[in-house]
Amino acid sequence: MTLSETSAISSSTEITEYNIMKLTPVMEKYILHWGEMGTRWGVNRTVAQIHSLLYLAARPMTAEEIAETLGVARSNVSTSLKELQSWGLVKLLHVKGDRRDHFEALADLWDTFFAIAENRKRRELDPTLTVLRDCCLECEADQDTGAETKRRIEAVAQFLERLLNWYGQMRRLPQPALIKILELGAKVEQLLKPGR
């Protein structure tokens, strides 16, 4: 079932008196796919759809407009918006003459990328590295764990430390430098060859 079938959305992008943002077929396709991808990334489908809707919206939207446009429960929208705000992907705004809260997604894709990366790092990688470091320390005195097992645990810890150090360095680079690095791609190998 498409978004238009569930919430009677037509193909214009203006807001009607019913507070339904009308989506084009391309916008529907984008939002539905982003919701699908969200579930594969471990994010609730509605959270991902709301994020994509706000990213595509030409202006900030209220929770009621989001609920009507996507055909989802208002309570689900509120919960999803709180999650998106905790990730730093959506900002709360106030519009002059309107007492309702309005929401907008980060417009810059680099800001979005780094907000997601920072949260993933903080929630997943940092705790994992802490446990790996603890395991490495415990391995030093552990007589029961085999040498190869210890080596593998240490290898994972070193790999993750290098990865996080690299991420920290990349995070500090200005956006134009990051774009140049991405565009270099496999050409980096040429720069690293001995004798250069």
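This note walks through the salt bridges and the sheet of the structure above, point by point.

1. The structure is a predicted model, in which local features need pLDDT of at least 70 and side-chain atom pairs count only at pLDDT 80 or more, while totals for chains, interfaces and linings use all residues. Residues are numbered from 1 along each chain as its sequence is written, and side-chain values use heavy atoms, with hydrogens and water left out.

2. Side chains of opposite charge can pair when their charged atoms come close. A search of the whole structure finds 11 salt bridges, a salt bridge being a side-chain nitrogen of Lys or Arg within 4 Å of a carboxyl oxygen of Asp or Glu.

3. One of these pairs is Glu118 with Arg171, whose closest N and O atoms are 3.6 Å apart. The pair links distant parts of the chain, since Glu118 lies in helix H6 (residues 109-141) and Arg171 in helix H7 (residues 147-172), 53 residues apart; helices (H or I, at least four residues) and strands (E, at least two) are DSSP runs, numbered from the N terminus. Glu118 is partly exposed because its relative accessibility is 30%, where buried means under 20% relative accessible area, exposed over 50%, and partly exposed in between (1.4 Å probe, protein chains only). Arg171, with a relative accessible area of 36%, is partly exposed.

4. Arg133 forms a salt bridge with Glu161, and the closest N and O atoms of this pair are 2.8 Å apart. This pair also links distant parts of the chain, with Arg133 in helix H6 and Glu161 in helix H7, 28 residues apart. Salt bridges that share partners join Glu148, Arg151 and Arg152 into one network.

5. Within helix H6, Arg120 and Glu124 lie four residues apart, which is about one turn of the helix, and they form a salt bridge whose closest N and O atoms are 2.5 Å apart.

6. Three strands form an open sheet in the order S1-S3-S2, with antiparallel pairing, where two strands pair if DSSP finds at least two bridges between them. Strand S1 (61-62) and strand S2 (90-95) each have a single partner strand, so one side of each is left without a neighbour in the sheet. Six bridges join S2 to strand S3 (residues 98-105), and the bridge partner of Leu93 in S3 is His102.

7. Helix H5 (residues 74-86) packs on the sheet and touches S2 and S3, contact meaning heavy atoms within 4.5 Å. The direction of helix H5 makes about 110° with that of S2; axes are lines fitted to C-alpha atoms, for helices over the stretch in contact, and angles run from 0 to 180 degrees between N-to-C directions.
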